[in-house]
Amino acid sequence: MTTATTGTRTTTKGFTGTSHTRVEGRDKVTGAARYAGEIPFAGLAHGWLVLSTVARGRIRSIDTAPALARPGVLAVLHHQNAPRVETDYVGMLGVPDPTCAVFQHDRVPHLGWPVALVVAETSEQAREAAETLVVHYEQEPHDIDFSGARPDAHPVDGYMPAVVEKGDLDAELAASRTVVDEEYTTPEEHHAMMEPHAATARWDGGRLELVDSNQGTTWVVGELAKMFSLDPASVRVRSEHVGGGFGSKGVRAHQVAAVMAATVLQRPVRVVMTRRQMFSLTGYRSPTAQRVRLGADADGRLRALEHRSVNLTSTVHEFVESAAGPARVMYDADAHHTANRVVRLNVPTPTFMRAPGEAPGSFALESALDELAEKCGLDPIELRLRNEPERGPVSGLPFSGRNLPDCFREGARRFGWADRDPRPGVRREGRWLLGTGTAAASFHAGAGPSTAVATAEPDGTFTVRIAAADIGTGARTALTLIAADALEVSPDRIEVRIGDSDFGPAMIAGGSMGTRSWGWAVMTAATELRERLALGADVPPEGITVRSDTTAALGALAQKERHSFGAQFAEVAVDVTTGEVRVRRMLGIFAAGRIVNPLTARSQLVGGMTWGISMALHEEAVRDRATGGLYGADLAGYHVATHADVPFVEADWVDDPDPDDPVGIKGIGEIGVVGAAAAIANAVWHATGVRHRNLPIRPDRVLQSLPGEPHA
Ligand code: MOS
């Protein structure tokens, strides 16, 4: 039933594909692969963004003369001289965040708001001149105080209804044998991908060309075309290699500023963000304050489930971190209330970050389930199995597949769950308290309309073109394998070209939907091409080309609850003298559709689980009330898990066919992080007997919670 996860152990019969190293791996490790910030252009000028130093107010004046007098300086763009752009439109992902529409007015809604772009012959000259730019502000008092108790928290729909209520919550809670009522918080978290945002804009023969690092060239073309009132056909965006995205690489201030400068100067302009600028300009995961109330019968069946989440957003755009969303998929109850609310503050707009909603939401919900299991005297896996819903708890729709029990059974067997003593605080090795925990995971499985082009070349090779984005996921390799399968040829006869909007519209690398969306289009085009070749067609010098478009096929899909599922397991050791928590091992078993390339799929899942370690124990961006900015806005001050924090992490999967998808894919980019922090927090409880409901579980929090310990 289960399949192998590494390149050395391959069980390729049927369901799981064959492991294949990244087709661009050699280019990447030898430096042949060029990233957006390092591609040479003749006559390139360099822009440096200048960010506000106040958290709220107006720009009174900008003294540009000293900057313009510096060597090499070509222009200073700001709200009084920059080209006007359109902001009143609906883009591919909805109403845009006006933060990207730089230099349109004098208002400053948060610290680190872009106020000017200094353009010079070299990056160093631009930076030096930017530092001489004096911006005078009329400063106003700012408000960055986030809490779940804010009276101005208001429901916002986002990608799902803000509030969904079924049944009488108070009555069911009153009738419940066991009740859990707790609050959980997660901090502000940042994507911290390795490659900073970088874009080069130029006008070429009447077309705007952007060389960029993004999660979808179709998406960026659409937004730029609307902002600059251009025909989308006259905009080309390329993004060949991307050093991580995690939700942050859409349209951002730097691309728009680069287009403005290239337009004004009529020469290529590159804008690269610094790591510190990224902390205020590229989005982040909002902190959340969540309240979960569960009420259960004597047998653990849920009568009442309430999950309310509050997140913050900026004053210019409403972003919802839909943390109450997972409850609508995971568990049913007679009374089922969920709500996502938002507070507007003088902070940058948050955005999608790997498993938006599910990552923080699963921490609260899956911690609460563990607390309920403890109170009911039930094994936490048994509690979940008793609450497996037949249909979507809120939607009433059938599941396209829900192999969560398989994940728990397989995971429990391999993790050794049966040997676990359910009592907390009983395993000890010297100064270390040991514990294990588990949690469930789910993530939406979807697809977006995409087009692909497959060409049979006269030399017997094949070229596939699709405006896909490989943000480090291995998508390019997966698409090569899918095309090889469909064409029934070896992968080395196929070249997959991606990251170019001229290949036709395609889905973004987002929402775990990229490879499924593109795989569908590639499979369709390649299959038709094989059929044509099978009829004995001669390949002419220009090749034979077949195009596909999945719009109609996706539109014809029946409405179902479509999700990946997973079971997370963690073992931790807690040092009672220092409060340090070390994860000793993790196991995640996932039901996530067909796994195309076990090698890169495992990397995605282990990467997500590693994010879970980081979320549980390390990541926390802290704002300074006085300035409204972050303390330590860099990778020294913002700690993400590093090698020494990450022990043996194993990911594997059970067969989970999706009969409605021609390739059988569900998507694996995000589910690895879902439930991972809860499994670790539940393990910390099992080790210590103390619940940690506020992330991250820092040493000081652990120490303060262990009053009985002699060294604490
Ligand atoms: Mo993802 S947060 O959909 O890039």
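Okay, housekeeping. Residues are numbered from 1 along each chain as its sequence is written, and side-chain values use heavy atoms, with hydrogens and water left out. Since this is a predicted model, local features need pLDDT of at least 70 and side-chain atom pairs count only at pLDDT 80 or more, while totals for chains, interfaces and linings use all residues.

Let's start with the annotation. An unreviewed UniProt entry puts "domain: Aldehyde oxidase/xanthine dehydrogenase a/b hammerhead" on residues 30-141. UniProt positions are in the numbering used here, feature names are shortened, and annotations may be inferred rather than shown by experiment. In the model, that span is 13% helix and 31% strand, with its end C-alpha atoms 51 Å apart. When I say helix or strand, I mean DSSP runs numbered from the N terminus: H or I of at least four residues for helices, E of at least two for strands.

On to a sheet. It is open, with 7 strands in the order β3-β5-β1-β13-β10-β11-β12, and the pairing is mixed. Pairing here takes at least two DSSP bridges between two strands. The edges are β3 (73-78) and β12 (235-238); each has a single partner strand, so one side of each is left without a neighbour in the sheet. From one strand to the next, the twist averages 20°. For angles, axes are lines fitted to C-alpha atoms, for helices over the stretch in contact, and values run from 0 to 180 degrees between N-to-C directions.

Look at β10 (residues 198-204) and β13 (residues 269-272): they run antiparallel, joined by 4 bridges. T200 has R270 in β13 as its bridge partner.

Which strands does helix α3 touch? Helix α3 (residues 123-132) packs on the sheet against β1 (45-51), β3 and β5 (114-120), and its direction makes about 25° with that of β1. Contact means heavy atoms within 4.5 Å. Then helix α5 (residues 217-227) lies across β11 (207-212) and β12, at about 145° to β12.

Now the helix pair. The axes of α12 (residues 475-487) and α13 (residues 514-534) come within 8 Å and cross at roughly 30°. That makes the two helices roughly parallel; the label covers angles under 35 degrees, with over 145 roughly antiparallel, 65 to 115 roughly perpendicular and the rest oblique. On the α12 side, residues in the contact include A475, L479 and I482, and on the α13 side they include W518, M523 and R530. By class, that contact has 12 nonpolar, 3 polar and 1 charged residues. Nonpolar covers Ala, Val, Leu, Ile, Met, Phe, Trp, Tyr, Cys and Pro; charged is Asp, Glu, Lys and Arg; the others, Gly among them, are polar.

Next sheet: 5 strands, open, mixed, in the order β17-β18-β23-β24-β25. β17 (427-429) and β25 (648-653) are at the edges, each with a single partner strand, so one side of each lacks a neighbour in the sheet. The twist averages 25° from one strand to the next. β24 (residues 581-591) and β25 run parallel, with 6 bridges, and L587 stands opposite E650 in β25. Helix α15 (residues 598-617) packs on this sheet, touching β23 (563-575), β24 and β25.

Last, the backbone spots. A cis peptide bond joins L695 and P696, with omega about -5°; P696 is in the loop between α16 (676-688) and α17 (699-704). F246, in the loop between β12 and α6 (253-265), has phi near 60°, a positive value in a residue other than glycine.
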